[in-house]
Amino acid sequence: MTSIESTDVLVVGSGFGGAIAAYHLAAGGAKVVVLERGPWLQAEDFDHDYLLGKSYTKVFDFVAGDGMSVLSGNCVGGGSVVYFAALPRAPRFTFERQGSIGRRMWPKAISRDTLDPWYDRVSQVIPVVQQGWDDISYAGGLWAAACNHAGRTANPVPVGIDKAKCTNCNWMMAGCKFDAKRSLLFNYLPGAVANGAEIRPLHEVQQLERTDDGGYRVRYNQIDEEDYRITVGSGTIDAKIVIMAAGAGATPVILQRSEATLGKMPHAVGRYFSGNGERLNTAIINEDRAREVLGLDRGNGLAYAANQIGKGPVVANWDHLDGSLPEYRRFSLEQLYFPPGLGTILAQAQGADGPTWLGVEKKEMLRRWQSWLTIFQIVEDDNEGVFGPPPPTGNAYRISQQMLGRGPLSYDPTPNTLGAWAAADAEVRDILERDGIATVLPWTNDLVGAYTVHPLASCRIGDDPETSALDDRHELRGHPGIFVTDGSAVPAALTVNPALTISALAERAMPGIVEAARARGINVSYGAPLPTAAVTKPLMRPVTATQGA
Amino acid sequence: MHSGTSDEHVKTITLEAFADCIVPGEKRSPDDRAIAGVSTGGGAVQAGALEMLHHDATGITAGLEALVGMLNGHATTYAADKGITLDGDVPPFVALEFDDRCAIIRTLTTPGHPEKDGWVLLSLFCNMAFDSAAHMSTHDAIAQGHPGLLTIGFELPQDDGLWRFADFSYGRQLAKPHPDTTPSGSPA
Ligand SMILES: Cc1cc2nc3c(=O)[nH]c(=O)nc-3n(C[C@H](O)[C@H](O)[C@H](O)COP(=O)(O)OP(=O)(O)OC[C@H]3O[C@@H](n4cnc5c(N)ncnc54)[C@H](O)[C@@H]3O)c2cc1C
Ligand code: SF4
């Protein structure tokens with residue numbers, strides 16, 4: 001018999017939820033192993049190149065479901081490596097939401113006031129900075145000017161970007177070549193590693209089992225570093241506690257698969273999924289009107305034509321983040337850049353018989369790509385996503401060598417969600433079609449269903465065991481010692497970008513998780529100072545290692 | 001059989017005709033049957049859709065033959081329904097007019113269609129060949145004047161192959177922030 005590897009804490013996934021847990025537990029003295037299904041990349045590996053197999057497809061995961069496609073990170077650092085780093089706090093009213101269950105969805109213990117101190121901590125670590133108007137890209141400026149023209153307000157959003165280093169290259173989704181985006185590779189993860197945590201890339205967790213001593217055995221496959229469809233090995237690690245942080249598109253799938261070995265899962269595992277109410281609209285800007293009506297001028301003869309320039313979303317309209325409005329009528333509208341590769345096929349042109357994503361009119365629309373302005377709606381959806389039976393491995397049947405798979409999530413938007421999208425569509429049109437500034441159409445939901453880069457709530461916290469999988473300490477009901485700290489724990493759509501809220505919740509959960517770890521015999525304490533941001537250099541993978549070792 | 005009707009040729013021109021619907025282009029020669037020629041400049045075919053579909057990394061290559069057979073089957077049914085007589089020199093899908101080809105693709109990609117997944121994938125990769133030339137290095141694509149990147153007006157990188165935009169901002173306040181913004185810049 002080979003000896004079985006063991007650790008105090010096994011963390012599944014190295015995104016926000018995983019990195020924060022790994023840091024605090026390692027800094028408190030526990031032996032921590034992080035298993036991450038994706039590769040370990042850093043600045044030199046991030047490519048400005050759309051070729052399949054470059055970083056754009058290596059670090060990115062796109063899982064098509066039935067009515068919903070989920071986009072997320074697939075690398076050490078998780079979503080923080082591919083994301084746009086817009087980091088607002090969720091407005092006060094979101095915590096009071098009832099959704100369709102007829103009572104508050106969030107645990108009693110959590111409100112904006114009780115979460116603010118945890119938001120403060122994360123904001124200090126990343127760090128989150130405010131943008132001045134000098135930092136705002138043309139696209140953000142255009143959106144602000146259009147909002148202003150329509151009598152609306154517009155805010156530069158707080159970001160996790162080192163503004164001095166940012167080149168406005170808009171290659172955010174391929175990983176930042178210039179170390180300007182302050183991903184988790186700059187803060188929590190180096191902090192965890194400095195305290196002895198071990199990160200193992202290309203290790204995909206498949207299933208959990210219980211061990212005789214009340215701990216857990218975690219089964220994983222090792223994934224080929226080029227072709228993720230290929231498994232090159234497998235193994236197990238025993239742990240006293242397990243932190244599930246594979247993201248809201250993966251955590252419930254691993255838990256569902258583990259039902260065979262762990263026993264019954266709470267009802268809410270793999271239910272109540274929210275896409276954070278996401279939907280995109282593409283506006284084609286009339287350059288002349290942008291000049292005449294909005295007074296915009298780049299100083300080089302162009303009014304706008306700057307779709308490609310910038311750093312993701314920088315300006316948002318928050319006029320509908322108003323707690324006095326009814327639920328499903330509160331949303332934010334954020335300007336965004338979605339790169340070619342995935343960012344044009346769903347955009348619709350006005351065709352002879354209505355909106356069309358293909359054909360002659362679409363080609364004409366593509367000719368004007370530099371005059372596109374994409375607006376990202378974040379509405380309140382109805383937690384209507386449900387995960388079907390898990391695929392044999394991971395969270396999807398992999399189709400492509402990297403990036404693309406087919407998963408078990410189904411999402412059939414309710415009238416509440418459809419109404420919210422319609423209200424947000426109308427608001428975008430009212431702002432942008434005013435005085436001929438632009439023509440606007442939503443992306444089609446026909447091809448891949450709705451889509452989200454903000455998967456949430458598929459294994460959520462709450463006070464009610466019927467509608468929440470986790471108690472308010474993030475412990476999986478009926479399975480003591482398993483905690484979930486990623487986006488799946490967030491109860492519902494937030495009306496703003498979620499990463500800061502996911503992180504604040506993970507920070508908030510840590511004292512309780514440390515206490516539970518101690519109760520399970522782990523020699524760990526809570527209260528280590530927060531990691532200091534590595535200002536110039538991110539976490540580097542060990543010199544002897546390839547991207548996968 | 002001469003090359004004009006070989007399986008490989010059928011497969012190629014059927015897929016080209018499909019790609020030409022996703023992003024249409026101009027005919028490569030007057031007798032080009034695959035490309036309908038409804039648009040000027042290069043479309044998905046000229047952009048390399050076929051190379052893209054034959055790229056192993058997509059995971060779709062092994063299924064192409066089956067998709068071609070199904071597509072021509074759908075075209076035959078469609079033509080029969082509409083009373084369209086198909087020219088036997090080319091595969092049924094290619095024999096159809098551009099609008100009819102697009103109508104078939106719309107039906108096949110409608111939510112609930114049992115074959116939808118396959119057609120969406122095919123569409124996705126055809127579009128990707130055009131909008132991002134993902135079957136080749138972006139730098140080679142730019143150097144060769146890739147029709148998709150040219151059409152969308154993709155900006156050129158700097159000499160070291162990286163994109164940087166020194167001029168990126170209007171540099172002035174263009175709207176009033178929301179009155180309930182907190183000192184940290186978030187919604188209240
Ligand atoms: C393009 C894009 C832009 C975005 N922009 C923003 C933004 O501007 N602001 C914002 O707030 N949010 C943004 N997001 C969303 C944000 O990235 C996510 O909300 C956040 O990363 C979720 O954190 P998490 O801890 O839940 O999971 P993730 O960060 O997704 O981390 C999960 C990790 O687990 C790994 N994993 C999955 N399955 C397994 C397994 N079986 N075994 C081992 N490891 C596994 C994954 O590879 C991943 O690294 C964006 C997302 C995308 C895709
Ligand atoms: S836009 Fe800025 S932060 Fe984003 S990838 Fe480019 S340099 Fe990095």
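This is a predicted model: local features need pLDDT of at least 70, side-chain atom pairs count only at pLDDT 80 or more; totals for chains, interfaces and linings use all residues.

User: How far apart do the end C-alpha atoms of residues 8-39 of chain A lie?
Analyst: UniProt, in an unreviewed entry, places "domain: FAD-dependent oxidoreductase 2 FAD-binding" at residues 8-39 of chain A. The span is 38% helix and 28% strand. Its end C-alpha atoms are separated by 24 Å.

User: Which radius of gyration does chain A have, and why does it agree with a compact globule?
Analyst: Chain A contains 11 helices and 21 strands, and its C-alpha atoms fill a box of roughly 75 × 55 × 45 Å along the principal axes. Of its 549 residues, 70% are buried. A compact globule with 549 residues would have a radius of gyration near 24 Å, so the value for chain A agrees: 22 Å.

User: Which element gives the largest share of the lining of the largest pocket?
Analyst: The largest pocket holds about 540 Å³ of space. Its lining has 31 residues, and those nearest its centre are A:Gly65, A:Leu447, A:Val448, A:Gly449 and B:Lys116. Two or more lining residues come from each of strand E3 (60-66) and strand E18 (404-411) of chain A and helix H7 (116-131) of chain B. The largest share, 5 residues, is from H7(B).

User: How many residues in the lining of the largest pocket are nonpolar?
Analyst: The lining can be split by residue class. It includes 8 polar and 8 charged residues. The nonpolar residues number 15.

User: What supplies the largest share of the lining of the second largest pocket?
Analyst: This pocket has a volume of about 270 Å³. It is lined by 15 residues, with A:Ala352, A:Asp353, A:Glu361, B:Asp99 and B:Arg106 closest to its centre. At least two residues each are supplied by strand E14 (354-356) and helix H9 (360-367) of chain A and by helix H6 (98-108) of chain B. The largest share, 5 residues, comes from H6(B).

User: How many residues surround ligand 2?
Analyst: The closest residues are A:Cys166, A:Thr167, A:Cys169, A:Met172 and A:Cys176. By class, the shell has 7 nonpolar, 4 polar and 2 charged residues. The number of residues surrounding ligand 2 is 13.

User: Is A:Cys169 buried or exposed?
Analyst: A:Cys169 sits in the loop between strand E5 (155-156) and helix H6 (188-194) of chain A. A residue counts as buried under 20% relative accessible area. A:Cys169 has 10% relative accessibility, and therefore counts as buried.

User: How far apart in space are A:Cys169 and A:His267?
Analyst: In sequence, A:Cys169 and A:His267 are 98 residues apart. Taken C-alpha to C-alpha, their separation in space is 44 Å.

Methods
Residues are numbered from 1 along each chain as its sequence is written. Chains are lettered from A and ligands numbered from 1 in the order in which they are written. Side-chain values use heavy atoms; hydrogens and water are left out. UniProt positions are given in the numbering used here, feature names are shortened, and annotations may be inferred rather than shown by experiment. Helices (H or I, at least four residues) and strands (E, at least two) are DSSP runs, numbered from the N terminus. On a 1 Å grid over the protein atoms alone, a cavity is a set of points where a 1.4 Å probe fits but cannot get out, and a pocket is an open set with protein on both sides within 12 Å along at least five of seven lines; lining residues have an atom within 4 Å of a point. Grid points are joined across faces, edges and corners, and a volume is the space filled by probe spheres set on the points. Ala, Val, Leu, Ile, Met, Phe, Trp, Tyr, Cys and Pro count as nonpolar, Asp, Glu, Lys and Arg as charged, and the others, Gly among them, as polar. A residue is near a molecule or strand if one of its heavy atoms lies within 4 Å of it. The radius of gyration is taken over C-alpha atoms; the globule rule is 2.2 Å times the number of residues to the power 0.38. Buried means under 20% relative accessible area, exposed over 50%, partly exposed in between (1.4 Å probe, protein chains only).
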